[in-house]
Amino acid sequence: MKGNFNTIIQSPTPVLVDFFAEWCGPCKVQAPILVELSREMEGKVKIIKIDVDKNPEIAQRFQIRGVPTLAIFKNGTSVWKQSGVVDKSSLKSIILSHQ
């Protein structure tokens, strides 16, 4: 995933990355929110999930200390990051502010 991840975050379209773990309860709450968001904002954002247990080097590189952590990348640069569950309307506003 590492090489592919670097290519994906280079996009001029905002890329929302969900850093999660299979064992994480709050991550299971965040997942359906991201599915809805993906449908509603198709073409305006790319949403990808990174399992921190399977991709520890990526998690370490971006200093992910807790899950879920959401981050937005644009043109390879991290433009926003927040830990914890984030509601859909807040995410929409944040994504639109980084168009």
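K74 has T77 as its bridge partner in β4. The model here is predicted, so to speak of a local feature takes a pLDDT of at least 70, side-chain atom pairs count only at pLDDT 80 or more, and totals for chains, interfaces and linings use all residues. Residues are numbered from 1 along each chain as its sequence is written, and side-chain values use heavy atoms, with hydrogens and water left out.

Strands β3 (residues 69–74) and β4 (residues 77–83) run antiparallel and share 6 bridges; pairing takes at least two bridges found by DSSP. Strands are DSSP runs of E with at least two residues, helices are runs of H or I with at least four, and both are numbered from the N terminus. Between β3 and β4 sit 2 residues, and N75 takes a positive phi near 50°.

Next comes D18, which is part of strand β1 (residues 15–20). D18 is buried, at 0% relative accessible area (buried is under 20%, exposed over 50%, partly exposed in between, with a 1.4 Å probe and protein chains only). Leaving out residues up to four places away in sequence, D18 touches L34, I48, K49, I50, P68, T69 and L70, where contact means heavy atoms within 4.5 Å.

Then there are the nonpolar cores, sets of buried Ala, Val, Leu, Ile, Met, Phe, Trp, Tyr and Cys joined through side-chain atoms within 4.5 Å. The largest one has 18 residues, and F5, I9, V17, F19, I50, F62 and F73 have the most contacts inside it. Two or more residues each come from β1, β2 (46–51), α3 (56–61) and β3, with β1 giving the most, 4 residues. Another core, of 13 residues, lies apart from it and includes I33, L34, L37 and V45.
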